[in-house]
Amino acid sequence: MASISARSAHKYVMSQLERMNSGYEIELLSFKKDRSVVVMKVEDGKFRIREEGYLNGEKDLDKEILSKELKKAIEREFPRSNTLFVSLRKS
């Protein structure tokens, strides 16, 4: 499991989603691993975002809306984090 800067997490996830195939997901975890944001690529242009921690829920989104929702989710789930753990896996 790699670690990345929380400031660059949004940009990193969006760039990885461009290259990912359908059926894969990216998970961002806090240092204590008690909060997470998972973005799954369902099909081209369709994504599912799941938050676990402060808010627990799941949303199906288009690519245009995903960027804004991801930024809000990262700010909400990791307000004081400097580094995040990231993993890429098949869902």
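Residue numbers start from 1 along each chain as its sequence is written, and side-chain values use heavy atoms, with hydrogens and water left out. Because this is a predicted model, local features need pLDDT of at least 70 and side-chain atom pairs count only at pLDDT 80 or more, while totals for chains, interfaces and linings use all residues.

**View 1. Arg 76 and Glu 51 pair up between a helix and a strand.** The salt bridge here (a side-chain nitrogen of Lys or Arg within 4 Å of a carboxyl oxygen of Asp or Glu) has its closest N and O atoms 2.8 Å apart. Arg 76 sits in helix α2 (residues 63–77) and Glu 51 in strand β4 (residues 46–52), so the pair ties together parts that are 25 residues apart in sequence. Helices (H or I, at least four residues) and strands (E, at least two) are DSSP runs, numbered from the N terminus. Glu 51 is buried, at 10% relative accessible area, and Arg 76 is partly exposed at 26%. For these words, buried is under 20% relative accessible area, exposed is over 50%, and partly exposed falls in between (1.4 Å probe, protein chains only).

**View 2. Glu 69 meets Lys 59.** The closest N and O atoms of this salt bridge are 3.0 Å apart. Helix α2 supplies Glu 69 and strand β5 (residues 57–62) supplies Lys 59, so parts 10 residues apart in sequence get tied together. Glu 69 counts as buried at 18% relative accessibility, whereas Lys 59 is partly exposed at 39%.

**View 3. Asp 44 and Lys 41 join side chains.** Their salt bridge spans 3.9 Å, N to O. Asp 44 is exposed, with 65% relative accessibility, but Lys 41 is buried at 7%.

**View 4. A look into the largest pocket.** A pocket is an open set of points on a 1 Å grid over the protein atoms alone, where a 1.4 Å probe fits, with protein on both sides within 12 Å along at least five of seven lines; lining residues have an atom within 4 Å of a point. The space inside is about 180 Å³, taken as that filled by probe spheres set on the points, which are joined across faces, edges and corners. Among the lining residues are Phe 31, Asp 34, Arg 35, Glu 77 and Pro 79. The lining splits into 3 nonpolar, 2 polar and 5 charged residues; Ala, Val, Leu, Ile, Met, Phe, Trp, Tyr, Cys and Pro count as nonpolar, Asp, Glu, Lys and Arg as charged, and the others, Gly among them, as polar.
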